[in-house]
Amino acid sequence: MLSLEQCLDGVYKLPQKEKAEFMACFKTVSFPAKTLLIKEGEESKSIYFVARGSLRSYYGQKDKEVTLWFGHEGDLVTCFRSVIKGEKGLENIQLSEDCTFYEIAYDVLNKLTQQFPEINQFYRKLMEESYLYWENRVMMLLFYTAKERYTKLTERSPFVLQRFPLSQIASYLGITQETLSRIRAEK
């Protein structure tokens, strides 16, 4: 299990005073596997760091689920639409394993960013990394072949192959499970 300090340092190393102030605002929460941490159509007001476990984000479309991203220890988890715009979320975030999180209310984080320039820098770095993730994700889906997408996934996120079913991995890659099986057989 990762400590809160390890999660925060993975984003940006804060000076000790600001880190202590920041860490005091988090609480530890745990949920069992299959819990929907964030539900489509609901508003979320918190951000989380994963201390232990894995999860995925997906859109539900009729009888089909489209996986957006996978998360595990050290990752940021939130519904950006909800916390930033105050709107109901479009995605579901479901735990694939029992999970423990460090949670902070978004309004508390916002106040801290105004009060402490270093925490504002932390938040900026967090948002930059999130933006870069989504830019890479879009580029992958638009310009890479199915085989290249799978190769990139195995290089960048090997935990996904060990912790998630092939149906969810195929959905994330934008391919059928049969295509994924063929690609895996070639390797």
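Let me start with a definition: two strands count as paired if DSSP finds at least two bridges between them, and the helices (H or I, at least four residues) and strands (E, at least two) that I name are DSSP runs, numbered from the N terminus. What we have above is a predicted model, in which local features need pLDDT of at least 70 and side-chain atom pairs count only at pLDDT 80 or more, while totals for chains, interfaces and linings use all residues. Residues are numbered from 1 along each chain as its sequence is written, and side-chain values use heavy atoms, with hydrogens and water left out.

I begin with strand 7. Strand 4 (residues 55-61) runs antiparallel to strand 7 and is joined to it by 4 bridges, and within that pairing Ser57 has Ile93 as its bridge partner. Strand 2 (residues 36-38) is also antiparallel to strand 7 (residues 92-95), with 2 bridges between them, and here the bridge partner of Ile38 is Ile93.

Now to the open sheet, which has 4 strands in the order 1-8-3-6 with antiparallel pairing. Strand 1 (27-31) and strand 6 (76-77) are the edge strands, each with a single partner, so one side of each has no neighbour in the sheet. Strand 1 pairs with strand 8 (residues 99-105) in the antiparallel sense over 5 bridges, and Thr28 finds its bridge partner in Tyr102 of strand 8.

Glu103 is buried, with a relative accessible area of 12%.

How many salt bridges does the structure hold? The count is 13, including one between Glu186 and Lys147, whose closest N and O atoms are 3.3 Å apart. That pair links distant parts of the chain, with Glu186 in helix 9 (residues 177-186) and Lys147 in helix 6, 39 residues apart; Glu186 counts as exposed at 54% relative accessibility, whereas Lys147 is partly exposed at 42%. Another salt bridge joins Lys85 and Glu87 at 3.7 Å, N to O, with Lys85 exposed at 57% and Glu87 partly exposed at 31%. Finally, Glu5, Asp9, Lys13 and Lys19 are linked in a network of salt bridges.

On a 1 Å grid over the protein atoms alone, a cavity is a set of points where a 1.4 Å probe fits but cannot get out, a pocket is an open set with protein on both sides within 12 Å along at least five of seven lines, and lining residues have an atom within 4 Å of a point. Grid points are joined across faces, edges and corners, and a volume is the space filled by probe spheres set on the points.

The largest pocket has a volume of about 1100 Å³ and is lined by 39 residues, of which Trp69, Glu129, Ser130, Tyr133 and Trp134 lie nearest its centre. Which element gives the most to that lining? Helix 5 does, with 10 residues.

As for cavities, a search of the whole structure finds 1 of 30 Å³ or more, and the largest cavity has a volume of about 40 Å³. Its lining includes Ile47, Leu76, Phe80, Tyr106 and Met127, and helix 3 gives the most to it, with 3 residues.

How values were computed
Salt bridge = Lys/Arg side-chain N within 4 Å of Asp/Glu carboxyl O. Buried < 20%, exposed > 50% of the residue type's maximum accessible area, 1.4 Å probe, protein only.
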